[in-house]
Amino acid sequence: MHKYGVGLRHTHFPFLEKEENLNHSEVEWFEALLENYMETKGRPYKMLEKVRADYPIAFHGVSLSIAADEDLNLDYMKKAKELYDQFEPFVTSDHMCWTGHAHSNLHNLLPFSYTQDNLDRIADKVMKAQDFYGREMTFENLSAYFTLKNSTMSEAEFLNNLANKTGCKILLDFNNVYVNAINQKFEAQDFFETIDSKNVSQIHLAGFSDLGTHLFDTHSHPVHQDVWKLFKKYCHKFNVPILLEWDEDIPDFPTLEKELLKSKEIYEQQ
């Protein structure tokens, strides 16, 4: 299994375009942000081709809006499918959320009620998406700053039920669980204990910003020590590829790689 990966970001293109840097990296795979490669054949696309020639890649999207109360956006999905067919990613993921309505993408990942009606409705959309793509989809647990009072199950229970009903997988973001646990005042361990390991296909690690009143999921800092503690406790329950995300105030590639290798050190010491 290709185990330890990082996000492919344009900041690192000059570094990765040098063969000696790419070939000597201890990174085992890269995750590309899906929308950055739609309808373009420019430098990002050429960089993705270069990376894909030597490494497995995963695609991670932010705009499928699978939980929106409307039909799937087939124009968007056709563009995604072209990339999936071209680059053959080993994981294709998005977020379990909604991002707006047709022709009005809010570019925010929005929560919804975890109810049986929404489970049935979203499961139908997930199965249609998987049929269209001809591949298994994976959905990330959300960083959300409030919960809806009419939910009848927890997020972890909802994700398990959805995976069992559709055959989709869960992208388990440790940072999101921790941020939600602090902001929404629940025990992070309960989330990890509830999630069924057979449903998880990938892990994300990232850093948050402490705004005093709440934690904000910014991906702009090293992984917090409390998140590392959760990772240390549960990493072997979920024996899947691990990705380090860093999207703002991005450090140079060697620093990013060093942060990623902390996960390898923890995992292999257990």
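This passage walks through the overall build of the chain and then looks at helix 5. The model is predicted, so to speak of local features takes a pLDDT of at least 70, side-chain atom pairs count only at pLDDT 80 or more, and totals for chains, interfaces and linings use all residues. Residues are numbered from 1 along each chain as its sequence is written, and side-chain values use heavy atoms, with hydrogens and water left out.

The chain holds ten helices and twelve strands, taken as DSSP runs numbered from the N terminus (helices: H or I, at least four residues; strands: E, at least two). Its radius of gyration is 18 Å, close to the 18 Å from the globule rule for 270 residues, so the chain is as compact as a globular protein of that length; the radius is taken over C-alpha atoms, and the rule is 2.2 Å times the number of residues to the power 0.38. Along its principal axes, the C-alpha trace spans about 55 × 40 × 35 Å. Some 53% of the 270 residues count as buried, meaning under 20% relative accessible area with a 1.4 Å probe, protein chains only. Of the contacts (heavy atoms within 4.5 Å) between residues at least 6 apart in sequence, 81% join residues at least 24 apart.

Now for helix 5, residues 116-133: its 18 residues reach 25 Å from first C-alpha to last, close to the 26 Å expected at 1.5 Å a residue, where the expected span is 1.5 Å times one less than the number of residues. Its buried residues include L119, I122, A123, V126 and Y133. Helix 4 (74-87), strand 7 (138-140) and helix 6 (155-166) are among the elements covering the buried residues of helix 5. After helix 5 comes G134, with a positive phi near 70°.

Terms used:
Buried < 20%, exposed > 50% of the residue type's maximum accessible area, 1.4 Å probe, protein only.
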